[in-house]
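Hi everyone, thanks for coming. Let me put the model on the screen, and then we can walk through it together.

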Amino acid sequence: MKDYKYIEKQDKEVYDALVGEEERERTGIELIPSENYVSRAVREANGSVLTNKYAEGYPGKRYYGGQQFTDVVETLAIERAKKLFKAEYANVQPLGGAAANVSMYFALMKPGDTVLGMDLSHGGHLTHGHPTTSINKVFNFVRYKMKDVDTGEIDYDELREVARREKPKIILAGFSAYSRELDYAKFVEIAKEVGAYTVADMAHIAGLIAGGAVKNPFDYGFDVITTTTHKTLRGPRGGMIMTRESEEIAKRINKTVFPGVQGGPHMNNIASKAVAFGEALRPEFKIYATQILKNAKAMEKVFKENKVRLIAGGTDNHLLLADVYGSLGVTGQEAEIVLDEVGITLNKNMIADDPRKPLDPSGIRFGTPAMTTREMKEQEATTLAELMIKTLKDRENSKEKDVIKREVQKLCEAFPVPESFC
Ligand SMILES: Cc1ncc(COP(=O)(O)O)c(C=O)c1O
């Protein structure tokens with residue numbers, strides 16, 4: 001394989017794994033909503049010589065010499081991020097979404113302070129204070145939920161009541177398994193009432209915001225956005241923290257990321273972020289973001305026609321959460337395995353107030369960012385959803401599964417993983 005000629009010569013075991021993964025990505029349909037295919041340009045920057053360089057500090061203020069080029073790429077990443085999300089300040093050094101959230105918490109709070117975030121069983125994320133995380137030992141996390149699991153409406157009355165009672169320092173909007181738009185103006189109204197910061201963890205929908213396909217929390221007065229740079233944003237794995245307008249908050253965030261939480265920034269990764277943000281600033285990215293939503297809607301239609309219960313009643317973004325146990329009698333774990341057998345990758349997921357266990361829950365979560373990168377449109381999204389339903393209903397029938405697998409292969413051949421989006 002032409003990409004890995006040095007690894008091939010030097011390290012056969014790693015080479016075989018890389019070639020295997022390329023093959024897996026090429027020949028299967030990726031429906032995990034947090035995954036995507038990045039461009040070759042993004043991969044080149046990530047694998048570049050900048051991995052050699054230490055650059056503790058920020059552009060213009062570093063602790064080591066030789067920073068003429070690191071400053072260039074970090075400044076490009078910052079300026080492009082600001083433009084994409086309409087932010088005054090951006091810190092592009094967090095190593096991932098979890099690191100971005102940890103830095104944000106320490107920048108805005110003191111140990112013992114309270115965060116009001118979305119209930120984890122209703123779509124919130126582990127990094128929003130799950131009991132198994134270290135951050136849960138430092139800060140106090142309280143919750144709001146959906147009012148109606150079948151429409152996805154957030155219980156804003158409960159949110160206000162808890163905010164008044166608990167006096168949080170941060171009201172956190174954001175999720176990893178929720179498929180509706182949030183009423184950001186309402187969050188800001190409640191936060192002002194109780195004197196809290198508003199933070200949006202937009203990891204899942206950052207690309208949709210950048211592409212103008214969903215609302216931007218900054219347009220409604222949010223103070224801070226944390227995000228990953230992979231997922232819908234289609235950059236390298238990494239994190240980022242943006243501040244709408246407060247220089248004072250931005251300064252605290254910079255100090256907390258470095259030296260507070262992290263050491264030297266990964267400059268290869270930051271160069272790769274700059275390249276990805278450059279791609280997201282192009283007009284084609286808007287079309288991509290809009291198509292992600294159209295494809296998710298096409299899948300929603302098929303699931304509804306087949307009477308499979310969708311949590312929140314459907315989707316306004318890139319992901320869907322289906323109660324396959326309640327609707328088809330197949331557990332999330334079984335569904336994940338059987339769909340993998342026909343070449344469709346997604347993940348099992350707890351549904352709201354799930355009576356089952358995390359490792360064998362009632363639901364599956366799937367989404368359209370990666371298949372849309374392959375330039376599949378509504379027709380292919382419909383076909384895929386139909387193949388999924390067929391597989392789940394006919395899961396014991398290995399002949400039928402072979403037929404479905406061939407259909408999946410045909411789709412993969414017709415829609416190869418692109419190398420470039422420009
Ligand atoms: C909402 C949200 N925040 C944070 C993260 C953590 O990101 P990372 O895996 O890059 O640490 C995720 C990852 O899935 C996420 O969905």
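This is a predicted model: local features need pLDDT of at least 70, side-chain atom pairs count only at pLDDT 80 or more; totals for chains, interfaces and linings use all residues.

Residues are numbered from 1 along each chain as its sequence is written.

So, the open sheet: three strands in the order 13-16-15, with antiparallel pairing. Strands (E, at least two residues) and helices (H or I, at least four) are DSSP runs numbered from the N terminus, and two strands pair if DSSP finds at least two bridges between them. Strand 13 (319-323) and strand 15 (347-349) each have a single partner strand, so one side of each has no neighbour in the sheet. Strand 13 pairs with strand 16 (residues 363-367) over five bridges, and Asp323 has Gly363 as its bridge partner.

Helix 11 (residues 283-305) packs on this sheet, touching strand 13 and strand 16; contact means C-beta atoms, placed from the backbone, within 7 Å.

Now, how many residues of strand 11 (residues 224-228) are buried? Five of the five, so strand 11 is largely enclosed by the rest of the structure. Buried here means 20 or more other C-beta atoms within 10 Å of the residue's own, with C-beta atoms placed from the backbone. Val224, Thr226 and Thr228 point one way, Ile225 and Thr227 the other.

Strand 11 runs parallel to strand 10 (residues 197-201), joined by three bridges, and pairs antiparallel with strand 12 (residues 239-243) over five bridges.

Note on methods: Two residues are in contact if their C-beta atoms, placed from the backbone, lie within 7 Å. Axes are lines fitted to C-alpha atoms, for helices over the stretch in contact, and angles run from 0 to 180 degrees between N-to-C directions. A residue is buried if 20 or more other C-beta atoms lie within 10 Å of its own, exposed if 12 or fewer, and partly exposed in between; C-beta atoms are placed from the backbone.
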